Amino acid sequence: MMHSIPGRRIIMVVFLFFLLLPIYWLVNMSFKTNTEIVTTMTLWPHQPTLANYKRIFTDESWYSGYINSLQYVILNTFLSISFALPAAYAFSRYRFLGDKHLFFWLLSNRMAPAAVFALPFFNLYSALNLFDTPWAVALAHCLFNVPLAVWILEGFVSSVPREIDETAFLDGYSFPRFFIKILVPLIASGIGVAAFFCFMFSWVELLLARTLTSVNAKPIAATMTRTVSAAGVDWGLLAAAGVLTIIPGALVIWFVRNYIARGFALGRV
Amino acid sequence: MEKVVNQKAWFLVLPVFLIVAFSAVLPLMTVVNYSVQDTFGNNQFFWNGVGWFKELLDPSTDLGGRFLASLGRNLLFSAIILAIEVPLGIVVALSMPRHGWPVAVCLVILALPLLIPWNVVGTIWQIFGRPDIGLMGYVFNSLGFNYNYVSNDIDAWFTVILMDVWHWTSLVALLCYAGLKSIPDAYYQAAQIDGASRWAVFKAIQLPKMNRVLLIAVLLRFMDSFMIYTEPFVVTGGGPGNSTTFVSIELVKIALGQFDLGKAAALSLVYNLVILIVCWLFYTVMTNAGSERPPKEGVA
């Protein structure tokens, strides 16, 4: 067990402190009144207030932003995983015409800048009457999430021995039944990891989400720009909204914490 | 593992192929279509051939000047953050606690910045860095540095880079940690018997074992830093002047701000091509550098 270096505790503590400090500052601001934010520099709220949070939870456009975001994120995660699973199995088990080229082409979509696609997506989804629905954003995010899901799941499927497939087929399992009854439970943790990644990238992306929505499906992160008014920025409200957008991510991390490291290696180490 | 040749596998891949083609090929064709045309508005387009591409690659024109300048800035930015995040990520991964609850705590905190929406990351650093209300800006100014990312180029760059290091070093660290975890204890025991130094252990065991995950880390970090848009846009808005205007920001300005579709489309294509080429270069160089074993099937 030598995978450690001298002074590792200090390095770790300093680094974690560096990660947490800006987040602490955001949380700190969210409990302050705007007068306190602008006039004094205080390390913790001297007159703590919940007014900022209260405004968010009583204003419908704020919490509908949350629901919109969660809608397209969950939809996208579901779409990505269900499309990617059979493909991952095919890439892992079979050789077929153009398989390697197809795989690289899929991955190359992960490298396409969202800014390139913003305008064509706008045209495409307007033409299909999907503009300003969660479907538009969910489908648009498939561009980078499906390739990633295929990549991750392929690694996990490959770690399942081929003999299991063969035994199942000998036992008279049909392909769909084998897939659902045997393969999916075996790679459940891999599906969890892939879902985590799809959730993450769909949740944090904003450029496409904002381009493809206007009123009805506006994501929470875009709603935040409303805190800038003629009178300047409402810093307290902005900070409170920021804190609230961190919470879903933090919850997801907590649930999958044991898989995080493995997932980041995309199941292929 | 031997793979069986089976053309029917295409049926399994077909859904993915269709959905990605729908969201990649169709829009890309639109882009190609725009890139060779010009418009006077009213949806009337006429053929412009390679005109936009010529203008784009000629630094003396307005478009070319802006594109090449932003491309240069973006390359510099990617180079700097890779030079900081990769070594730092390795060090952090090597500093992970060994077992017990500290591991879970470290993992959760490390992963936290990765799950914050990108514009909120921008907001966090805006609030943190402002000289009037931000802790960092306030501390720097109290220490006698005249720090203000809104008006000073160097300060703006410093803020954007620090923000990216804050946001993404964890990704490199977690990847490396996953790589380190896969090293069997027997390797370390053998090294101990040989009396190998820490540095030797790192160079001979840990680094080669991390080779694959490092490749993924470098590729992901390069792609994402080269496509960066939201975070610097929220913090600096591309300024002061144009000093932090990266390619994506320039592209959105041209496409959605000025509605110059032809120029924007030509820029998009060249931009996408640059990313593909650089990723391919990284991939080739890095897989050749540490190739005692051939890369696994199906990676590319």
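Trainee: What separates A:Phe117 and A:Phe121 in helix α6 (residues 114–127) of chain A?

Mentor: About one helical turn, because A:Phe117 and A:Phe121 sit four residues apart in α6. A helix here is a DSSP run of H or I with at least four residues, a strand is a run of E with at least two, and both are numbered from the N terminus.

Trainee: Before we go on, what am I looking at?

Mentor: A predicted model, where local features need pLDDT of at least 70 and side-chain atom pairs count only at pLDDT 80 or more, while totals for chains, interfaces and linings use all residues; side-chain values use heavy atoms, with hydrogens and water left out. Residues are numbered from 1 along each chain as its sequence is written, and chains are lettered from A and ligands numbered from 1 in the order written.

Trainee: How many aromatic pairs does the structure hold over all chains?

Mentor: There are 36. In one of them, the ring centres of A:Phe117 and A:Phe121 are 5.6 Å apart, with the planes at 35°.

Trainee: Why is that pair called tilted?

Mentor: Rings of Phe, Tyr and Trp (its six-membered ring) pair if their centres lie within 6.5 Å; planes under 30 degrees apart are stacked, over 60 edge-to-face, and the rest tilted. So 5.6 Å makes A:Phe117 and A:Phe121 a pair, and 35° makes the pair tilted.

Trainee: And how do you know that A:Phe117 and A:Phe121 are buried?

Mentor: Buried means under 20% relative accessible area, exposed over 50%, and partly exposed in between (1.4 Å probe, protein chains only). A:Phe117 has 1% and A:Phe121 has 0%, so both count as buried. A:Phe175 and A:Phe179 also form a tilted pair, with 5.6 Å between centres and 50° between planes.

Trainee: What makes A:Phe175 partly exposed?

Mentor: Its 29% relative accessibility falls in that middle range. A:Phe179, at 10%, is buried.

Trainee: Which residues touch the most other members of the largest nonpolar core?

Mentor: Of its 183 residues, they are A:Phe91, A:Phe121, A:Val150, B:Leu110, B:Trp125 and B:Tyr271. Helix α7 (residues 134–158) of chain A gives the largest share, 17 residues. Such a core is a set of buried Ala, Val, Leu, Ile, Met, Phe, Trp, Tyr and Cys residues joined through side-chain atoms within 4.5 Å.

Trainee: What does B:Leu110 contact, leaving aside its neighbours within four places in sequence?

Mentor: Its contacts (heavy atoms within 4.5 Å) include A:Met12, A:Phe15 and A:Leu16, plus B:Ser170 and B:Leu174. In chain B, B:Val103, B:Leu107, B:Leu110 and B:Ala111 in α4(B) meet B:Ser170, B:Leu174 and B:Tyr177 in α7(B). That contact has six nonpolar residues, one polar and no charged.

Trainee: What makes B:Ser170 the polar one?

Mentor: Ala, Val, Leu, Ile, Met, Phe, Trp, Tyr, Cys and Pro count as nonpolar, Asp, Glu, Lys and Arg as charged, and the others, Gly among them, as polar.

Trainee: What makes the phi of A:Asn129 worth a look?

Mentor: Most residues other than glycine have a negative phi. A:Asn129 isn't a glycine, yet its phi is positive, about 60°. A:Asn129 lies in the loop between α6 and α7 of chain A and is exposed at 67%. A:Asp132 is in that loop too, with a positive phi near 70°, but A:Asp132 is buried at 10%.
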